[in-house]
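Q: I have a protein model open beside its sequence, and I would like to learn how to read it one feature at a time. Could we go through it slowly?

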Amino acid sequence: GKVEPAAVEATLVVNLGQYNYNIRAEWDDSWQDAYVYLLNVDPEKAATGGDGPLAGGLKDLGVERVRGAKVLAVTDEDGNTVGNRWEDQAPGEDGRPRQPVSNVRHLRVELSAAQYHLDTVKKNLFIYEGFNLLMRRDGVNNNHPSILQTLNQITSEVGEGKLLPPWLHDVFLGYGNVDDASFSGAKMKRYAEITPGVSKVTDYMDFGTAFKSLKHLGASFPDYTVKKEGEGCGYTLRVDDEKKVVHAKLYEAKETPAVPEFTPMQVAAIRSGLSPGLTVVVGPPGTGKTDTAVSIITNLFRSFPTQRTLLVTHSNAALNDLFEKIMATGVVDERYMIRLGSGEKDLNVQSTHDFTKQGRVRYTLERRAKLLNEVQLLSESLGVSNVAERGAAGESSYTCETAMLFQTHHIHTRIQKFLKTVKEGGDAAEAFPFAAYYGGKGVSFGSEDEAKGTFESLNSMFEELEDFRAFELMRSMGKRTDYLL
C-alpha cells in the first residue's frame, strides 16, 4: 500500500435478461472464485473476411483494451447473494434457497492493484468507463492469478528461509543452475555443511530394506567397494564418491512386503531423495517411479520421525496409490498419516476410522482409551491401583499425564531392579516384575532377552501415549485437527 493501492475493488452491473434460462443458470452457478475479463471492443475496427486465425490477434477482433478481475461476491437487485455454492446465501421464507430477484447481477470484483496504479500514473482511468464486453472463465481453468500470488508469497520470504530455501529459489523460478540444487553439487554441499539440522552428504543414510542382499547392494553401486558392518536386513550407508567406497552398517529391521529389486538407477534416485537438495524422478509408466518414491518417503520417516512430509500429486488416484503403498510397508504408523481432499473415500486400506482429519482424531481418541486401559491393567497387576478406582463405566482412571508419572515411578524402577538382579546372576524368570500382567497374554518372559522384549513393548506404549497427551488439553475438534496438521 505504500506505492500502489493495497486493494482495488469495483462493482459491475450485468443484465442477463436477454439470455435463455440455461445460460443464466450457468452464470449464476459459476460465479464463486471466477475470473472475468473486462474488454473494450470496437466492432468497426474488427478485421473482416475468412474464418481462420487472424494475424493481428486481439486487434483484428476489435479489442482495444483488456483488464482482469476476480469475482468476490454477486448479488441481485435486493442484495441477495447469488450462486448455489455460496455458504452465506440466505434461505427464503419457505426454507429453500432464495431465488434471485430479476435478471440484474451486481458483481463486486477485485481489480489488479498494480495495473490500476499504472493506469493512474499514465492517466488512463477513463478506460474503466468504456468497457462494453464481459468475458468469464472459471477459477479452475484460469488459475494463473492464484499461481502468481502463490509464487510471490513463496519467494518474498526466501531471505528468511521460511518457505523456500535459498538454494532452490533460482531453480524454482526457472533461471537457476539445476546442478546447484543437486546433493552432489558444490553449492548444496556447502549449504549442508553450514546449515544446522541439514544432513551432510557424507552422513550415514538409512535405506531401510531397499536392498535384497549384499550382492544386490554391490550391484547397485558398480565400481564401488562395499565395506560391511553388522548383520540384518536393514541398511544404513555412507557413500564416499572420491574413494569409491560404500560403508554399510546392517541392522535388524522388519521385512517390508512387496519391495522390488531396485535397479542402480532407482537406487541413485533413492540416494538423491534421502540427501539434501532437489530430486526429480522421470520415466514412462511402469518403470517403478511410485515404488522409488515410497522407498524415499518411508526411509525419510525412519531417519526423521518427528518431521512432517507433504505428498502432492496431480490426481486423487495417484495420491491414493502412493498412500496405500506406504501403508502396506508398515514403516509409518497409521496415526501419523492423514489424507486430505475428497479422494479419501476411495482409499483401499484397513482401519477402524477413515483418514480424514476428523477420522484421525477419532482414531487417536479410541487408541488413547485402549492404551490407558492397558495402563490400568498393568497398574492393577502391580497392586498400585485397584478396580474400584475405575470410572463409572469401567474406564481407566489414568490420563496420559498420570500414565507418564506411573511409568517413571513404577515401571522404570522395576525394570532397573530387574536388570541389576540379572546382572548379578539372578534368575530372569523369578525376577521378572510384570509376570502377573503378561501371564494371561501368552507372552514368554523366561529369559533376559524375552524380558527385554516386553520392556520395549511397554516403552512403545508409553511413547504413544505421550504423543496423545496434547489431545487432553484441547477439547474442540477444530483444535485437535489443527494440532494433527
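A: What follows is a set of questions and answers that moves from the whole chain to single residues.

Q: What kind of model is this, and how are residues numbered?
A: This is a predicted model, in which local features need pLDDT of at least 70 and side-chain atom pairs count only at pLDDT 80 or more, while totals for chains, interfaces and linings use all residues. Residues are numbered from 1 along each chain as its sequence is written, and side-chain values use heavy atoms, with hydrogens and water left out.

Q: How many helices and strands does the protein have?
A: Helices (H or I, at least four residues) and strands (E, at least two) are DSSP runs, numbered from the N terminus. Here the protein has 15 helices and nine strands.

Q: What does the radius of gyration say about the protein?
A: The radius is taken over C-alpha atoms, and the globule rule is 2.2 Å times the number of residues to the power 0.38. For a compact globule of 485 residues the value would be near 23 Å, but the protein has 32 Å. Along the principal axes, its C-alpha atoms fill a box of roughly 105 × 70 × 45 Å.

Q: How much of the protein counts as buried?
A: Buried means under 20% relative accessible area, exposed means over 50%, and partly exposed lies in between (1.4 Å probe, protein chains only). By that rule, 35% of the 485 residues count as buried.

Q: Which residues have the most contacts inside the largest nonpolar core?
A: In soluble globular proteins, nonpolar side chains tend to be buried together. A nonpolar core is a set of buried Ala, Val, Leu, Ile, Met, Phe, Trp, Tyr and Cys residues joined through side-chain atoms within 4.5 Å. The largest one has 27 residues, and those with the most contacts inside it are Leu 378, Ile 411, Phe 434, Phe 462 and Leu 465. At least two residues of this core come from each of helix 10 (357–381), helix 11 (400–423), helix 13 (435–438) and helix 14 (448–468), and helix 11 gives the most, with eight residues. A second, separate core of 19 residues includes Phe 207, Phe 211, Val 267 and Ile 270.

Q: What is Leu 378 in contact with?
A: Contact means heavy atoms within 4.5 Å. Leaving aside neighbours within four places in sequence, Leu 378 is in contact with Phe 406, Ile 411, Phe 434, Tyr 437, Leu 458 and Phe 462.

Q: Which residues of helix 4 are buried, and what covers them?
A: The buried residues of helix 4 (residues 166–173) are Trp 167, Leu 168, His 169 and Val 171, and their cover includes helix 3 (144–155) and helix 5 (186–194). After helix 4 comes Gly 174, whose phi is positive, near 100 degrees.

Q: Where does Lys 123 lie, and is Lys 123 buried or exposed?
A: Lys 123 lies in the loop between helix 2 (113–121) and strand 5 (133–137), and its phi is near 60 degrees, a positive value in a residue other than glycine. Lys 123 is exposed, because its relative accessible area is 70%.

Q: Where is Lys 244 found?
A: Lys 244 is found in the loop between strand 8 (234–240) and strand 9 (245–251). Although Lys 244 is not a glycine, it has a positive phi of about 55 degrees. With a relative accessible area of 38%, Lys 244 is partly exposed.
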